[in-house]
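Visitor: Before we go through the terms, may I see the sequence and the structure?
Guide: Here they are.

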Amino acid sequence: MQEQEYIQTLGGMQKEQWDALFQISQMFNDVKVQENLVSEVLDLVVQVLKAERALFTRLEPGTDNFNIIAARNTEHQDINDLSAFSSGILKKVIESGQSCLYHDVQTDPAVSQFTSVQIHKIKSVIGVPIFVDGKIWGVILADSQTNRKNFTEESLEFLKFFSNLVSLALDKVIKIESLQEENLLLKNKVQNTDVIPDMVGTSREMRKAANLIHRVAATDATVLLLGESGTGKDMAARAIHLLSQRKDKAFIAQFCGSIPDTLLESELFGYKKGAFSGANTDKKGLFEVASGGTFFLDEIGDIALSTQAKLLRVIQNQEIIRLGDTQVKKVDVRIITATNKDLKQLVDKGKFRQDLFYRLNVFPITLPPLRDRRSDIALLTRHLIEKYADKPIQIPVKTMQKLETYSWPGNVRQLENILQRALIMCDSNVLLPDHIIFEDENQLTEFGGNLKDFETVLLQKRLAEYNNNRTQAAKSLGVSVRWVQMKLREIEENN
Ligand SMILES: Nc1ncnc2c1ncn2[C@@H]1O[C@H](COP(=O)(O)OP(=O)(O)OP(=O)(O)O)[C@@H](O)[C@H]1O
Ligand SMILES: [Mg+2]
């Protein structure tokens, strides 16, 4: 249509129609096109065109199907059934890509053959396509069933203009939506880079820890991993190494609990031939072996004060001296330590060097206990079952509930152990609540033997729970490692 002609036609529009268009354009100019906005706009269309109903519908891309976005009648009521409208006319608009206007549908040979027109006794109808990005997006339809309405050329122009406004608004909405989607994808990507292989957990606490692991991995900073037994400190240490620039170099882990001082020191720093009886050759220490890589000192709270002094030298000066040697050797190691003890308290008691504590505590990361991140239990359970089961296993809600409500003093390791045992008990492919057996103190209260036997049973249970780790078993029982060793010797002697 020529501009001149267009203006003339527009000029033919009534004031009410102009006002309505202005109002509609204001509404669409809103940044967000809300759901009920379309209904409100359709009410205006019904009113201005003096139609009985108005329909705003979308053509499902790649199909002949329409979806109702909104449909309204003169009473401002929603019409939820698309089949109440003439599908023949909707198709005609789509196929021709043109608007249509019929005053006397029942007798008009072009459309009266449509069954839908007959069924719904449509008298007058006006339909306009909506284009987005040059393609038909949907159709706006206004009709009347009870009275023959005089939809005029002006009505058609009004609806065309209206459809243009809708197209512009939709364009905007669709672009915003696709931006939002893209944003979500990017956000997800960023979050996913925080995911550490094999480290399961999407709880806020776990994401926080994973984020810290990622951040610190990129640096050479000394890391102190804190958290109860079985919360994943070993796993985190390995993750930091694997995510760091040192990943292709050595990762060496040394458990420092319940090891005699000299043995630990000779392991860590090596020795010179003749340093002590039995030192027949020079031996490299682990710090030298780890050079260029990462050194993980587990249970750092247990090391003797003399060893602590030597460790401080490694951290401060990046140098070691082999036992019995005088020569200083340079080493380049990234140090990660872990403990489930309160180091600060050990410092206060004089059992841990304060200077070393500050050196180690540069970047502390606390792995959360499982009971504080119960939302991860289901995920962990599925992960561990998949890891240990040799067939697909169903986990009914009741079983999951039992797992999710337990206190998990031994954290993920305990969950792992209990699931492994449950799988052994499970003959079918359904893991039942009865397969989940917690070895709790309450079970021990039913114990019938004497106190000595009770000690033995409790110790054995604890050792099993802590993978035979005597330090941790001792700690959980509130006794010394020496007591555990003594008790074990006694058990052995009695057998
Ligand atoms: N987030 C996790 N996702 C999957 N498995 C985990 C996770 N955290 C821990 N585990 C598993 O639980 C077990 C215990 O983890 P890990 O040895 O790292 O704990 P820890 O904190 O070092 O315990 P401890 O203080 O007793 O040394 C391991 O088998 C580990 O694979
Ligand atoms: Mg550990």
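Guide: Angles under 35 degrees count as roughly parallel, over 145 as roughly antiparallel, 65 to 115 as roughly perpendicular, and the rest as oblique. This is a predicted model, in which local features need pLDDT of at least 70, side-chain atom pairs count only at pLDDT 80 or more, and totals for chains, interfaces and linings use all residues. Residues are numbered from 1 along each chain as its sequence is written, and chains are lettered from A and ligands numbered from 1 in the order in which they are written.

Visitor: Which residues in α14 and α16 meet?
Guide: Leu 380, Thr 381, Leu 384, Ile 385 and Tyr 388 in α14 meet Val 412, Leu 415, Glu 416, Leu 419, Gln 420 and Leu 423 in α16. Contact requires C-beta atoms, placed from the backbone, to lie within 7 Å. By class there are 8 nonpolar, 2 polar and 1 charged residues; Ala, Val, Leu, Ile, Met, Phe, Trp, Tyr, Cys and Pro count as nonpolar, Asp, Glu, Lys and Arg as charged, and the others, Gly among them, as polar.

Visitor: What makes α19 roughly perpendicular to α20?
Guide: The axes of α19 (residues 470-477) and α20 cross at roughly 105° and come within 8 Å. That angle lies inside the perpendicular range, so the term applies. Arg 470, Thr 471, Ala 473 and Ala 474 in α19 meet Val 481, Trp 483, Val 484 and Gln 485 in α20. This contact divides into 5 nonpolar, 2 polar and 1 charged residues.

Visitor: How do you know whether Glu 299 is buried or exposed?
Guide: Buried means that 20 or more other C-beta atoms lie within 10 Å of the residue's own, exposed means 12 or fewer, and partly exposed is in between. Glu 299 has 23 and is therefore buried. Glu 299 lies in the loop between β10 (294-298) and α11 (305-317), and has a positive phi of about 60° although it is not a glycine.

Visitor: What makes a set of residues a nonpolar core?
Guide: The members are buried Ala, Val, Leu, Ile, Met, Phe, Trp, Tyr and Cys residues joined through C-beta atoms within 7 Å. The largest such core has 42 residues, and Val 45 and Phe 162 are among those with the most contacts inside it. Helix α6 gives the most to this core, with 7 residues. Val 45 touches Ala 54, Ala 142 and Phe 162, not counting residues up to four places away in sequence. A second, separate core of 39 residues includes Leu 264, Phe 269, Val 333 and Phe 352.

Visitor: How many helices and strands does the protein chain have?
Guide: The protein chain has 20 helices and 14 strands, taken as DSSP runs numbered from the N terminus (helices H or I, at least four residues; strands E, at least two).

Definitions and conventions:
Two residues are in contact if their C-beta atoms, placed from the backbone, lie within 7 Å. Axes are lines fitted to C-alpha atoms, for helices over the stretch in contact, and angles run from 0 to 180 degrees between N-to-C directions.
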